[in-house]
Every structure is written in structure tokens, then in C-alpha cells.
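Thanks for asking me to look this one over. My notes follow as numbered points, to be read with the model open beside them.

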Amino acid sequence: MQTRIALLALALAATSSLAATPTKIPGPAFPHYASPVALTAACTANVDRAKAAVKRLERQRPGPHWLAAYDDLNVLAEDLAGHIFVLTNVHPDKAMRDASEACELRWQDFFSTLGQNEKLYRTARQVRARDDIDREFLKTTLEGFEDGGVTLPPVPRARAKVIQDRLTELGQIFDKNVRDANIQVAFTEAELQGVPEGVWKAAKRDAQGRVLLGVDEPTYVPVLQNAVDTAARERMWRAKTNEGGAPNLLLLAELGQLRREYAQLFGHASYADFALRRRMAATTGNVNRFLDEVGTAVREREQRELDELRAAKARDLGKPLSEVKLERWDSAYYTERVRRERYRVDQEAFRPYLPPQESLALVMRVVEKMLGVKYTRVPDARLWHPDAQAYAVSDAATGKPLAALFVDLYPRQGKYNSAAVWSYRNASTRLKRIPQATLVVNFDRQGLTLDDLSSSLLHEFGHSVHNNLSTTRYSSQGGTQTLRDFSEAPSQMLEQWVYDARVAGVMREVCPACKPIPTDLLDQARAADRYGKGMFYARQRLYAAYDLALYGADAPEPMALWARMEGATPLGHVAGTTFPAGFGHVASGYSAGYYGYLWSEVVAADLRTAFAENRLDAAVGRRYRNTVLANGGQRPPQSLVRDFLGRETNTKAFFEDLKR
């Protein structure tokens, strides 16, 4: 998942050389606050400073430099507010997180007020663009004002602002209920048979001596995939599936009602209709047709895979197939069993070959080879936690500083428990502005699985590269500030790089002492990767369809809708479970947009065809850097992809892959 801060939009969404080299962080150092009180005081001063900048901008006439002046306001807001959204998700001190959350709400009030500024909107309408880049920026600027409610009559306009601010507050509470829940599940050591000792041996114990495990990804996934005890898997699965609980279901219901009301203020029947009109998909009908096409393509494959898992369970239990039911907490376990039996591959087997720090170095070196950049670790950077790291990004050919990247690799209490990138500072060539991003993951210190390397590290690193290598004229269009249903494509494209032997061989360059992944193990993993695709894409389609229905014209009750839709799938719905309560995507930045993961994957599969001969092709990489990454959101995604591929994009690669 990527997280970005579109500071002037309607809603706040959200090394190759491991040796430390004396250098500085390109751009400003990450802000440090001595206490929550200091953060709050700085927040007050910074919001006031931004308000004063708005007043100055209101006095500026609509001449040829107005767009630059408007973007200057975005630059100021990024510098004053961007890091706050990072601290909320990574700071180890709850009091600091509480202070940053309160500051977020003050910035939300600023942004929603700005979005309804009539003086600025009237001036923007008089601006004449000088070229295509200006035209695109002016178009999205006017759309932002209009979607913020500036053209509504006074009463609905005021209501629109109330709704915007409340949506941000509800989304914040929703995320906090998940992030700060600190769920722990107690197991005896016997119940953890099959689970690698590195997952649980050093964990805390309760008064009865039972092992206490959280539901963070480095813990949850190995338990679900490896625990022999069915009841143990079920307890862990239920704990994770019920994250957020009843309070978040209430919040999600309110979010749905408010978003529908917001859309209706603008004459749209549903929030999905309102949101999609600004995206590649354009209409709800287009998305539904796409999801139907995906469903048709994977339906038979999903059922075949589920039948194989059920048969594997029957063999494991020594029971007739007719007496065996495959449960949801069985699927990950038996998928791994089938992969081990059929392909002789085990995700846990990769950990010795993929130490976390060296895996980060591997990914950086791969990007260096592809895109002509260099990552240099910056020692002694003052960051939010000792585990956090800073890197300077420069152009390999010229040594020119390009960007800064901050990385937080390991899980801890109170930290964002998934994987994301916050692109909180964006590039601007007119200002020679250096972009910065923060990459957050949660890895087992014992090593990564190949899945970790693919879907977490490479994926998220793709988002950071999109930010770091952007060279847009305006910061407002930098990096990942592009259409939501395109923004995942540059990251998804990189995920398949893990199965390339040439890519894996790069580890020797960054860690000569590391044991290389055996060629046969990588070949087996490549073959095994095909297994389970039917189940995976069927599930992704369900998530997307649920999100779209949740923000449909009737704004249905979230849990009833989920139970009905999941109940129609082959494994059905487990009564008493509340998955939507932890489905943070639909609560905030990806509301009516989760389909974008599948939509972007179609584009990613097409982009990947250019690297078919050589994943590390520097010539293709340079073209990709200069056409797709460098342009951020200053040109429509369709034109960027067309320029890179030399043709219009199509769905052929994606759907052919589904058939293999």
C-alpha cells in the first residue's frame, strides 16, 4: 500500500553501500520535537503561518506566475505539516502520537477551509495556462476547489466542510483503534508446533507461562501458514479478522453515510460516482465491468485451488473428503502444504538468505542498476526511533543530490502495523526542491520470506522511488500525486523482480558473506508463485466490489453487506467475525478506490513487458525513469505509459498471466 499527502486536495489521505558514508540528508533534516507540548506549540505557529500565506496569495493577481505562487503554498504546507502524518504512525511515544493526531485535525481544518476559498477559486479561473503542464495543474486545481465545495450555495458549502473535517476525524480514530489495540493471543508451546521458533521463542509470557503473540504481519502470517494445531490457527485468524471490533463498525457506517451525503451535495447519487469521475476508470459502471471480467477469469481457477486444499486437508486428517470442510483459517496453512509438497518450496526457507538490512541493500542496488541512482546511508541522523535510518539519493552519473529516504524496518508497539510509504515532501524543479519520503515496513529480524521481499519491500520501495525520482515543475504534482487508480502500478511492476536469478544474484554485490539463494529454490518458488493466484485475485476482487458497494447509492450497513458478499463466496462467511472493522483502506484514502489495486496491476503487467528481456536493463530503466517516474502527476497516466511503451496500454499481459 502507498500512503501520500495530497496537501491541497479534497481529503487528507493519506543501500548499495551499507557502510556509512559522511554525507548530509538532501533537503531539510526530519523535524524533531522535544515533547508533545513542543509539537503542539509548533503546530499552532505553523498553521498560523500557513493562514498568513493564504492571505498574501489572495492579494495576488491572476497573472502568468499565479500557479507558481499557488504551488508555493503547497510547498509551505508540505514543509510545515507533511512530517506530522509520519509521526502519527511511527513515533514510539503514545503522547507524541496523540499530539500529532490533534495537529492533523488542525491541518485538516486549514485544508478544508482552503478548498472553499472563493477568492482563490475566482482568481484561478482567470489564469491562462502557458503549456500542457500548466494546463494539467490548473485543471486539477480547479477540480480540487470544486470538489471541496467552493461552488456550492452557502448552506450546503458549510455542510460540506463539516463533513470533510468529520471524515478525517473518523478515519483517524478508525486507524488508531487498530494501531493502538495491542492485541495479544496466548498459546502454549505445544499449540505452536510447526511455527518457526524465531517467531515466538523470545515473546513475552502470561502468568500461566503461555506465549503472547501479537497480530502484526511478521507474527500473524507465520502462525497461519505453519501452525499444525487447527484451533491455534483459528484463534489467531479470528483475532486478526476482528481487529477494530464493534467501535470501528460504527465508524465505518458513519463514514459511509457521510460520504453519500457529501456526494449528494454535488448532485451525485453515490460517493463512488462522485469519486470515480476524476480517475482513470471514470465511472462506476466501468469498474463493475472490469471486476466482472476479473471474476470470470479467475472463478474456475479459484474453485480448483480450493478443491485441492480441501483434498490436502482430508489427507492430512486421514478422513474421507466428504467429511472435511475447508475453513478460512485453513487456507494459508494448506496452501503452504501444497506448495511444499508439489514444488518443494517453503517461504520460511528464504529467511537465512534474506537478512533484513541486506535485503534493503539488495533492493537499493537493484534500483541503482535499473535507474542510474545511488543510495548512501547518512549516519547519526536524528530520527524518531533508533531503528529508523536515513539515506541520501543521488544521480549515479553526476553525483547530483536527488532526494532523501527514511526507512523504518521493524515492528514495535504503537507503530503502523502494515507497510506504507509517506511521500510527505515532493519535488519542484522550478524551486530546485528535493523530495523526501518515509518507507515503513514490519519485518522479522531473523530474515524475510520471498513474499516479504516481493509484496512489502519491493512494492513499497517502488512508491519511494516514484517520489524520489520525480522531477515535476510543481510540487503539487510530484511523485505519487497522480490518479489513485494508477499510483500502485509503478510499485506492483517491481514485485515480480524477486523471481529473476539475475536480480537475486545482486545480493553478492551488497553482501558477499550472505549465502546466495540456491538456484533450484528460486526456480521452485517461481513455479509455486503461480499456485494460489485464483484465490488471491478472487479475494482482491471481493474487497474491491465490497468497497464500491459500501459507497454505493444506498450506503448499506457495513457488516451486513460484508456478511452477504463474503457469504456468496466458496468458503462463505464466518459468523461473528468483523473483517470490515480492520479494513483501513475503505475507511480513508482508498474509499471507493480499492479497485485501484487491480486496475493498477493491469497497467503494471503491461509496463513489465518492457523489461521482459532483462529486469536490470539500464537503457529501459532510464527511459522508464524519464517518462513515467519523473513526470509524477503533471501528465495523465495514459500518456506516460504510451510514451514509455511506444503504444497504447492494454490488458493483454494481465489476463494472459491469469490463465497461466
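1. I would begin with Ala-592, which is found in the loop between α22 (584-587) and α23 (596-608). Helices here are DSSP runs of H or I with at least four residues, strands are runs of E with at least two, and both are numbered from the N terminus. The phi of Ala-592 is near 55 degrees, a positive value in a residue other than glycine. At 0% relative accessibility, Ala-592 counts as buried (buried is under 20% relative accessible area, exposed is over 50%, and partly exposed lies in between, with a 1.4 Å probe and protein chains only).

2. A word on the basis of these notes: this is a predicted model, in which local features need pLDDT of at least 70 and side-chain atom pairs count only at pLDDT 80 or more, while totals for chains, interfaces and linings use all residues. Residues are numbered from 1 along each chain as its sequence is written, and side-chain values use heavy atoms, with hydrogens and water left out.

3. The place of Arg-344 is in the loop between α13 (331-343) and α14 (356-371). Is Arg-344 buried or exposed? At 58% relative accessibility, Arg-344 counts as exposed, whereas Ala-592 is buried.

4. Because 13 of the 16 residues are buried, α14 is largely enclosed by the rest of the structure. Just after α14, Gly-372 takes a positive phi of about 75 degrees.

5. Helix α20 (residues 533-550) can be checked in the same way. Its 18 residues should span 26 Å at 1.5 Å a residue, and the end C-alpha atoms are 25 Å apart, which agrees. Helix α20 is mostly covered, with 14 of its 18 residues buried.

6. Now to helix packing. Two packed helices are described by the angle between their axes and the distance between the axes. Helix α6 (residues 154-179) and helix α10 (residues 245-265) pack at about 155 degrees, with axes 10 Å apart. The axes are lines fitted to C-alpha atoms, for helices over the stretch in contact, and angles run from 0 to 180 degrees between N-to-C directions. The two helices α6 and α10 are therefore roughly antiparallel to each other (under 35 degrees is roughly parallel, over 145 roughly antiparallel, 65 to 115 roughly perpendicular, and the rest oblique). The residues of this contact divide into 15 nonpolar, four polar and five charged. For these classes, Ala, Val, Leu, Ile, Met, Phe, Trp, Tyr, Cys and Pro are nonpolar, Asp, Glu, Lys and Arg are charged, and the others, Gly among them, are polar.

7. Within α6, please look at Phe-174. Phe-174 counts as buried at 0% relative accessibility. Leaving out residues up to four places away in sequence, Phe-174 touches several residues, including Asn-248, Leu-251, Leu-252, Phe-583 and Ala-587 (contact means heavy atoms within 4.5 Å). Phe-174 and Pro-247 are 73 residues apart in sequence, and their C-alpha atoms are 8.3 Å apart in space.

8. Helix α8 (residues 217-226) and helix α9 (residues 230-241) pack at about 145 degrees, with their axes 9 Å apart. Which residues meet there? Thr-219, Tyr-220, Val-223 and Leu-224 in α8 meet Arg-233, Met-236, Trp-237 and Lys-240 in α9. By class, that contact has five nonpolar, one polar and two charged residues.

9. His-83 lies in helix α2 (residues 66-90) and is buried, with a relative accessible area of 3%. Apart from residues up to four places away in sequence, His-83 touches Phe-30, Pro-31, Tyr-33, Glu-78 and Tyr-424.

10. Lastly, helix α25 (residues 637-645) has Pro-637, Ser-639, Leu-640, Val-641, Phe-644 and Leu-645 as its buried residues. What covers them includes α23 and α24 (618-629). Phe-644 is buried, with a relative accessible area of 1%, and its contacts beyond four places in sequence include Leu-607, Phe-611, Tyr-624 and Val-628. Gly-646 follows α25 with a positive phi, near 80 degrees.

Terms used. Expected span 1.5 Å × (residues − 1).
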